Amino acid sequence: MDRHVHDRRRFLALTGALTASPLLSACGAGFGGGGEQGGGPAADDVTGPFDWKREKGTTVRALLNKHPYTDALIADLKSFTDRTGIEVRYDVFPEDSYFDKLTVDLSSGRASYDVFMLGAYMVWQYGPPGWLEDLGPWMRNSSATAAEWDHADFFPNLLQAGRWSLRAGAPLGRGGQYALPWGWETNVVAYNTEVFDRLGLRPAETFEELRELAGVIEEKAPRAGFDGMYGIAVRGSRSWATIHPGFMTMYARNGLRDFTVDGGRLVPAMNSPAAVAFTEDWARMVRRGGPPSWTSYTWYQCSSDLGAKKAGMLFDADTAAYFQAVKGASPASGRIAFHPGPKGPDGSLATNMWIWSLGMNARSRRKGAGWLFLQWATGKEHLRRAALDGDHIDPVRTSVGRDGAYRDKMRHLPGFLETFEAVAGQTKVQFTPQAQFFDATTSWAAALQEIYGGKDARSVLDGLADDLAPKVG
Amino acid sequence: MEVRRAARPYLLVVPALLLTCGILYPFGLGLYYTLFDFSAAKPQPDMVRLHNYGTLLTEDAFWNSAWVTVLYAVGAAAVETVLGVAVALLLHRSSPLGRVLEKVLILPLMIAPVIAAIMWKLMLQPSVGVVDHLLAPLGLGGVQWTDTPAGALLSSVAVDVWVYTPFVAVLALAGLRSLPASPFEAAAVDGAGRWYTFRRLTLPMLWPYVMVGVIFRFMDSLKVFDIIYALTEGGPGDSTMVLQIRAYLEAIRFQRYSFGISYTIVLWAVVYLAATVLVRRLGRVQRKAAEAT
């Protein structure tokens, strides 16, 4: 009996030690997936003439966000496999959880996915820890890249948006190429022509006119037969995504900056007197003519309200209006027109952009095949097909933008092509590149909500700047 | 045969041991990580000892989150307890309608809280939501339920109450049905009124069941994430920014892993302390209830 007791104790002691050992070993096991910088040596391994079939038999894993652009890509995947002999296995996640999934996957250090969708802002977060492959060496290697891929065909701002030196505050367009443009969005005003005609309104050319217009629609549209219509749909949820479309576009058109660089340090500038005045005006516009329950508004609600004739105008991505404007898509389809939106005081049409880009995992073990996939997905042939047969509008390539068939397809949307051409050259990332982008813009959205709720703009924005300064500096 | 019998105690302990390891290992690792400045920006971090906790405890954001979390948990647990007991008392008198209501009552519990929050988010939309349509004839339409700090917190608590009151009600109903009949018969013979009987007999004997409900709901509400995140994302401003959401934003969205985990460790400590106090209290209540019967 004693022997048993003794044995059990020894057993428990041993198993306890075994339990503790992984914990102790973790002390020396390092910290997940960071550390190693991705780089280009793998690109240098590709030599000889370019060959689409070089990686035949390989399987590439892709992580994709649920989006009409993705639908167009998936519908065309067979042509990639036929050309290269490479299979593509993909997972598609809704946008709410997509970036969490990607962040967790990349930070874990596993190479579950070889290629994935990302935005330019994500390069600022994923680039510094070394999670993204620098695609520059691949682009420059003629053995790895087909001559017809033609990087000069991309709108220059788009290619520059994925290129960065990984230093906070350093401008885009220099350093490694961490993402390739695949689909993009400009932020413009879309409006319901029916309500504008009935009330005798014209699109606003200044911010003051836009604020006034939003209030007039809110006041007069319901009496003119547009039951429950409000003035202008803009995003308002407590998220970085609230800042970057209409708000940042109008902010930039007013010549305002998010940060300034002083002696190599970033200094928050969203509390400058001009920025405070602009933010107050924006909040006033939303209070007077914005959506009810604005603080929960995402692009989806804004877009739906325009389509459901609940909103007279939308200041957001042109795609958010496009998907409501196409024939049969919504009650407002056929009655949605596009306009570049108000100019800044100096006539500026500076516009903030969102780019759906494609990137490669620096830890991928199938980089050659991944690069062939990226070339194909951002190539002229697929993007033209996606624009014509799918809803992959806002072409990242000038050749697709000039294509007669594409222009014929888009011509039925009043003002779409003219608006696109007016703002395309002035559309770029208006934020200052820095790794704390998501914290800064999420906090900025929270501050905007507080100002909308009636708090003093000056003190809220001063508080925001004080909070951000040590984090980004 | 002898070997099998001797091995049985060891085999029996294996599942519990695995479970313990499954809990302790990530917990220990998380605790260890909080001693470093581990983030995406610093994947090879330095040991900073308790610096993360020091920073956290001096931040206004932390104290705001702690305050919101406590307000939410106390508010939700209190309302759910009162309503749950009231519903249980109503259903205790067996009737055909009561039996149907019992079944209907548990429907909210069968819905994932995050789905319930999204559903309520749609229903609370001013001018298009069903709540607005119902209240408009009473002159109460157009309320921006989640647009003001107080409204957002109250709406979040209300959704929690909608989802979890049935849990407390079911618990209280089970308790009511297990109470002995004789004290109530004696009280009736003595001519005791309903309120007197409830206050002096029902409630003291039911108290252990109520306490179990309070403990579960209070602990769960301290850890709330899904309902608030789906309804308000922690806004407007920071008005519904509970500790769990702050921890998620820090660790996942902003990739300050050590700092984010520090939030969860502090939350764990708070929940642990609250649980210890409440469970002790439950023991005393159970003893008192046993004496009363």
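This is a predicted model: local features need pLDDT of at least 70, side-chain atom pairs count only at pLDDT 80 or more; totals for chains, interfaces and linings use all residues.
Reader: How many salt bridges does a search of the whole structure find?

Author: The general idea is a side-chain nitrogen of Lys or Arg within 4 Å of a carboxyl oxygen of Asp or Glu. Over all chains, the search finds 39 salt bridges.

Reader: Take Glu381(A) and Arg83(A); which parts does the pair tie together?

Author: Their side chains form a salt bridge, with 2.9 Å from N to O. Glu381(A) belongs to helix H17 (residues 380-389) of chain A and Arg83(A) to helix H4 (residues 77-84) of chain A, so the bridge ties together parts that are 298 residues apart in sequence.

Reader: Are Glu381(A) and Arg83(A) buried, partly exposed or exposed?

Author: Buried means under 20% relative accessible area and exposed means over 50%, with partly exposed in between. Glu381(A), at 44%, is partly exposed. Arg83(A), at 27%, is partly exposed as well.

Reader: Where do the partners Arg238(A) and Asp238(B) lie?

Author: The side chains of Arg238(A) and Asp238(B) meet at 2.4 Å, N to O, in a salt bridge. This pair crosses between chains. Arg238(A) is in the loop between strand S7 (230-233) and helix H11 (240-243) of chain A. Asp238(B) is in the loop between helix H10 (226-231) and helix H11 (243-253) of chain B. Arg238(A) counts as buried at 7% relative accessibility, while Asp238(B) counts as partly exposed at 22%.

Reader: What is the spacing of Arg217(B) and Asp220(B) along their helix?

Author: Both residues lie in helix H9 (residues 194-222) of chain B, three residues apart, which is about one turn of the helix. Arg217(B) is buried, with 2% relative accessibility. Asp220(B) is partly exposed, with a relative accessible area of 35%.

Reader: Which residues do salt bridges that share partners join into one network?

Author: Asp439(A), Asp467(A) and Lys471(A) are joined with Glu250(B) and Arg256(B) in one network of this kind.

Reader: Which residues form the positive surface patch?

Author: A patch is made of residues with over 30% relative accessible area and no salt bridge, with like charges joined within 9 Å. Here Arg280(B), Arg281(B), Arg284(B), Arg287(B) and Lys288(B) form a positive one. One of them, Lys288(B), is placed in helix H12 (residues 257-292) of chain B. Lys288(B) counts as exposed, at 61% relative accessibility.

Terms used: Residues are numbered from 1 along each chain as its sequence is written. Chains are lettered from A and ligands numbered from 1 in the order in which they are written. Side-chain values use heavy atoms; hydrogens and water are left out. Helices (H or I, at least four residues) and strands (E, at least two) are DSSP runs, numbered from the N terminus. Buried means under 20% relative accessible area, exposed over 50%, partly exposed in between (1.4 Å probe, protein chains only). Patches are made of residues with over 30% relative accessible area and no salt bridge: like charges are joined within 9 Å, nonpolar side chains (Val, Leu, Ile, Met, Phe, Trp, Tyr) within 5 Å. Accessible areas come from the Shrake-Rupley method with a 1.4 Å probe; for residues, only the protein chains shown count as cover. Lys and Arg count as positive and Asp and Glu as negative; His and the chain ends are not counted. The place of a charge is taken as NZ of Lys, CZ of Arg, CG of Asp or CD of Glu.
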